[in-house]
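Biologist: Hi! Could you walk me through this structure, one piece at a time?
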Amino acid sequence: MANELVLLTELESPVGFTCADGAGIEKGTLLELADLMTVAKVAGAAPMIIGVAAEEKIASDGKTEIAVYLRGIFKAVAGGSITVGDGLIGENGTNELLTSTAAADEVEVCGIALETAADTETFKILLNVGVGGSPES
């Protein structure tokens, strides 16, 4: 898989989530919350990243559960210029991470850059779902 996230340090055990039987999900894929405790590959704009696939899910294999990392240190691919300490969001369908640049992005922040990186470079991240701010009322 291109741009897969590679686990370097496990900070928490993966958690079981529901997924569609027909879905093919490769290990290291960014996943978004699709429904209550249900995940899918990131596909839409401004995804709500829930974690990273801890295992491969073969399409139509009869399985409807997948293990998902919610926290850990990973090697990831930059989807643009990133500076150490930046809040990170998932890029639509590319499995790359971008710097959170707008206040609206804060709710979607899924981690923090542990290194500086240029576009397409690999760098270390702290995946920490839920580190973002909350939407303004």
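Modeller: Happy to! Keep in mind that this is a predicted model. Let's begin with an open sheet of six strands, which are ordered β1-β7-β11-β10-β8-β9 and pair in an antiparallel way.

Biologist: Which strands stand at the edges?
Modeller: Those are β1 (6-10) and β9 (97-99). Each has a single partner strand, so one side of each is left without a neighbour in the sheet.

Biologist: And by how many degrees are neighbouring strands turned against each other?
Modeller: On average by 40°, if you ignore direction.

Biologist: New topic: the inside. Which residues of the largest nonpolar core touch the most other members?
Modeller: That core has 20 residues, and the ones you want are L5, L30, F74, L88, L97, F123 and I125. At least two core residues come from each of β5 (49-53), β6 (65-69), β7 (71-77) and β11 (122-128).

Biologist: Which strand gives the most?
Modeller: β11 does, with three residues.

Biologist: Why would such side chains sit together?
Modeller: In soluble globular proteins, nonpolar side chains tend to be buried together.

Biologist: OK, what does L5 touch?
Modeller: Leaving out residues up to four places away in sequence, L5 touches G28, L30, V52, F74, K75, A76, N95, L97 and I125.

Terms used. Residues are numbered from 1 along each chain as its sequence is written. This is a predicted model: local features need pLDDT of at least 70, side-chain atom pairs count only at pLDDT 80 or more; totals for chains, interfaces and linings use all residues. Side-chain values use heavy atoms; hydrogens and water are left out. A nonpolar core is a set of buried Ala, Val, Leu, Ile, Met, Phe, Trp, Tyr and Cys residues joined through side-chain atoms within 4.5 Å. Buried means under 20% relative accessible area, exposed over 50%, partly exposed in between (1.4 Å probe, protein chains only). Helices (H or I, at least four residues) and strands (E, at least two) are DSSP runs, numbered from the N terminus. Contact means heavy atoms within 4.5 Å. Two strands pair if DSSP finds at least two bridges between them. Axes are lines fitted to C-alpha atoms, for helices over the stretch in contact, and angles run from 0 to 180 degrees between N-to-C directions.
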